[in-house]
Amino acid sequence: MRTSGVLLHLSSLPAPHGVGTMGEAAREFARFLSAAGQTWWQVLPMGPTSYGDSPYQSFSTFAGNPYYIDLDQLAEDGLLEREEYAGEGFGADPERVDYGLLHEKRFPILRRAVERLMEEPPADYPVFLAENGTWIRDYALFMALKDHSGGRPWWEWEGPLRRRENSALTKARGELAEDIAFHQGLQYLFFHQWRALKEYVNSQGVRFIGDLPIYVALDSADVWSKPYLFQLDAELRPVEVSGCPPDGFTADGQLWGNPLFDWDRMEKDNYGWWVERIRRQRGFYDLLRIDHFRGFESYYAIPYGDENARRGVWKPGPGMKLFHAVEHALGRQAIIAEDLGYLTPQVRQLLRDSGFPGMKVLEFAFDSRGEESDYLPHNYDKHCVAYVGTHDNDTALGWLESLTEEDRALAVDYLKLTEAEGLNWGLMRGVWASPAGTAIVQAQDLLGLGREARMNEPSTLGTNWKWRALPGAFTPELARKLRHETELYRRCPT
């Protein structure tokens with residue numbers, strides 16, 4: 001079945017109180033997608049964000065981001081009074097998230113809600129803790145210790161805590177019991193609201209595509225609690241870190257800085273940590289996109305401490321051994337493989353062996369030098385997911401403005417773009433009309449926004465992850481127009 005959907009991260013919803021949440025604005029967007037004939041709502045990773053506010057650098061791969069807990073729902077549940085948050089200023093610009101202000105003002109309000117929650121914990125609260133026992137105790141302790149240390153990363157903590165000595169952990173659990181309970185309560189509230197939202201979204205005939213980064217952040221509960229799963233030295237410092245090699249766009253390559261997995265150690269228990277990670281994520285979403293899929297075939301390892309990625313080398317990844325282990329434990333999984341960038345024959349073979357659909361990005365397609373591109377829509381096969389651009393790309397209109405005159409002329413000619421139709425609509429039509437089984441467009445492109453609405457520009461800091469849609473942006477007229485295109489290209493659910 002041919003399907004389509006929209007990429008809009010939860011933070012970008014036009015909800016009140018400074019950031020998109022799991023409240024009424026999310027349900028309104030689900031109704032918009034349903035009216036527009038869409039099957040999929042794609043979001044970015046939902047974990048608690050750290051410095052830089054990137055969803056791809058989280059304090060935990062298992063936890064949820066407290067920013068997305070809806071305050072109005074907490075009030076409806078009797079955990080807040082509206083006057084406790086209604087007068088707070090969470091940011092003056094409705095089109096941008098002010099993460100600094102959000103961090104300063106959100107957590108005191110959430111603490112009040114958790115305190116009331118704990119006065120008489122819900123009947124399912126102990127069940128929640130038990131079901132999440134593989135990660136939540138360490139995560140809550142990690143966050144409590146981080147709060148207690150003024151936000152310092154775990155490798156700057158006192159040695160016994162850094163090394164997780166039992167006596168130090170026991171002492172900390174006693175001294176920080178109240179803060180630990182707060183972070184556990186936050187996770188209960190997050191997952192309680194998420195389950196309700198997902199149930200509502202699914203009731204509208206819409207399903208979620210989630211996003212799983214291949215790596216985890218160095219400053220995370222994941223690395224602190226299970227250092228033996230990562231390539232760390234005796235002092236718990238990374239030996240090598242993640243990134244991408246230099247190319248025609250970046251002479252120094254990309255230095256991501258994530259710790260690398262100890263794949264040999266993981267293999268010894270049949271990749272149990274990965275199995276649990278995918279099990280939980282698949283329970284969270286209806287379909288899962290795994291970022292940087294090529295890293296499972298081979299990964300780029302950069303010496304720790306280097307200022308750029310030039311000295312990195314490629315090393316073998318786990319390949320199909322990992323995915324065989326996942327399938328053996330969990331059964332066949334619904335996964336999209338993010339296979340963008342330079343792909344070797346070995347990576348292409350891994351994609352074939354996995355059976356997962358890969359990705360095609362229209363913005364990568366047009367090169368006036370005449371080179372044939374796999375990203376031109378006539379080269380797509382059915383077993384792929386097509387995008388105009390992802391969260392890492394410019395908006396459709398911003399991208400067109402950035403092209404050379406020759407490349408722009410090629411794109412206009414190939415797609416028969418016209419101002420009358422709307423250049424953004426012509427670009428979206430390129431993926432809707434393609435053979436791809438699934439086509440996803442960014443919400444910014446539906447709204448006809450330019451580069452000012454770009455979600456992320458890789459290797460930059462300070463301006464990313466902030467864009468928000470304005471209230472009333474997703475109108476009934478827009479839904480009708482989108483539904484027409486969806487029906488025209490036979491992507492509307494029957």
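Author: For 494 residues, a compact globule would have a radius of gyration near 23 Å, and the chain has 23 Å, so the two agree. The model is a predicted one. Along the principal axes, the C-alpha atoms fill a box of roughly 70 × 55 × 40 Å. Buried residues make up 57% of the 494. The chain exposes about 21,100 Å². Carbon and sulfur atoms supply 50% of that area.

Contacts come next. Take those between residues at least 6 apart in sequence. Of these, 74% join residues at least 24 apart.

The secondary structure comprises 18 helices and twelve strands. Four of the strands form the sheet you asked about. The sheet is open, and its order reads E5-E4-E7-E8. Pairing is antiparallel. Strand E5, residues 254-259, lies at one edge, and strand E8, residues 313-316, is the other edge strand. Each of these two pairs on one side only. Neighbouring strands in the sheet are turned by 50 degrees against each other on average, with direction ignored.

Now the E4 and E5 pair. Strand E4 covers residues 240-244. Three bridges join E4 to E5, and the two strands run antiparallel. Within this pairing, cysteine 244 stands opposite glutamine 254 of E5. Cysteine 244 is a residue of E4, given its range of 240-244. Glutamine 254 belongs to the edge strand E5, which spans 254-259.

Note on methods. Residues are numbered from 1 along each chain as its sequence is written. This is a predicted model: local features need pLDDT of at least 70, side-chain atom pairs count only at pLDDT 80 or more; totals for chains, interfaces and linings use all residues. Side-chain values use heavy atoms; hydrogens and water are left out. Two strands pair if DSSP finds at least two bridges between them. Axes are lines fitted to C-alpha atoms, for helices over the stretch in contact, and angles run from 0 to 180 degrees between N-to-C directions. The radius of gyration is taken over C-alpha atoms; the globule rule is 2.2 Å times the number of residues to the power 0.38. Buried means under 20% relative accessible area, exposed over 50%, partly exposed in between (1.4 Å probe, protein chains only). Contact means heavy atoms within 4.5 Å. Accessible areas come from the Shrake-Rupley method with a 1.4 Å probe; for residues, only the protein chains shown count as cover.
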